[in-house]
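Me: I am new to this structure and would like to learn how to read its features one at a time. Could you take me through a few of them, giving the general idea before the case at hand?

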Amino acid sequence: MSALAGALRDSYCSFAWGGRLRARRADPDTAAAVLRGEEAAGGTALDVSERTIAVVSALAGALRDSYCSFAWGGRLARATDPDTAAAVLRGEEAAGGTALDVSERTIAAWARRLARDPNSTTAADVAALRDVGLDDRTIVALTAYIAARIAFSTVNDALGALPDAELHASAPDAVRDAISWGRAPAR
């Protein structure tokens with residue numbers, strides 16, 4: 001890991017489409033600090049709602065992981081409202097009518113793109129993140145966070161993790177009704 005961390009610290013992230021994301025010193029510790037909501041030197045912290053939107057979008061909407069759908073859908077419902085959480089779980093928040101702002105909708109779209117087909121990202125996708133105020137360091141940190149949550153979801157699904165009964169019961173009706181995928185909750 002130290003070789004990878006060193007490479008990240010000492011290089012920029014370049015993309016196949018020819019764009020360059022200037023995220024100098026985007027080492028794992030810096031990314032972790034940004035994602036915990038701590039202001040990193042020269043960087044921007046992500047707030048809890050943005051992280052929740054990203055996780056709900058990437059894992060629940062695109063990956064169809066019922067465990068993460070109940071866990072993060074419930075969190076999003078408490079941060080916004082149950083109908084917004086249900087719309088995000090179904091991938092319908094872009095149509096409007098939710099409590100999400102343009103920044104959160106943009107982050108949700110990025111998370112879905114990464115979960116479904118990370119090779120399809122474009123310079124325009126990164127520009128959209130910049131347009132809503134994310135700097136390059138935050139974009140790298142957000143992307144690393146989404147990738148880590150995708151990995152956690154993959155482990156949950158591969159090992160047959162079932163949403164527990166309490167988690168299922170704690171989710172609002174709108175969230176429970178929206179989740180028609182993945183493993184059924186434990187009884």
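Me: In which helix is the place of Glu104?

Reply: Keep in mind that this is a predicted model. Glu104 has its place in helix H6, which spans residues 102-116.

Me: What surrounds Glu104, and how far away is the nearest side chain of opposite charge?

Reply: Glu104 is buried yet has no salt bridge, and the nearest side chain of opposite charge, that of Arg105, lies 7.0 Å away. Leaving aside residues up to four places away in sequence, Glu104 touches Ser49, Ile53 and Ala99.

Me: How are H6 and H7 arranged, and why are they called roughly antiparallel?

Reply: Two packed helices are described by the angle between their axes and the distance between those axes. Here the axes of H6 and H7 come within 9 Å and cross at roughly 150°, and because angles over 145 degrees count as roughly antiparallel, that is the term used for H6 and H7. H6 passes H7 in a left-handed crossing, where Thr106, Ile107, Trp110 and Arg113 of H6 meet Asp125, Val126, Ala128 and Leu129 of H7.

Me: Where is Arg64 found, and what is its phi?

Reply: Arg64 is found in the loop between helix H3 (48-63) and helix H4 (66-79), and its phi is near 60°, a positive value in a residue other than glycine. At 36% relative accessibility, Arg64 counts as partly exposed.

Notes:
Residues are numbered from 1 along each chain as its sequence is written. This is a predicted model: local features need pLDDT of at least 70, side-chain atom pairs count only at pLDDT 80 or more; totals for chains, interfaces and linings use all residues. Side-chain values use heavy atoms; hydrogens and water are left out. Helices (H or I, at least four residues) and strands (E, at least two) are DSSP runs, numbered from the N terminus. Buried means under 20% relative accessible area, exposed over 50%, partly exposed in between (1.4 Å probe, protein chains only). Lys and Arg count as positive and Asp and Glu as negative; His and the chain ends are not counted. A salt bridge is a side-chain nitrogen of Lys or Arg within 4 Å of a carboxyl oxygen of Asp or Glu. Contact means heavy atoms within 4.5 Å. Axes are lines fitted to C-alpha atoms, for helices over the stretch in contact, and angles run from 0 to 180 degrees between N-to-C directions. Angles under 35 degrees count as roughly parallel, over 145 as roughly antiparallel, 65 to 115 as roughly perpendicular and the rest as oblique. A crossing is left-handed if the near helix is turned anticlockwise from the far one by less than a right angle, and right-handed if clockwise.
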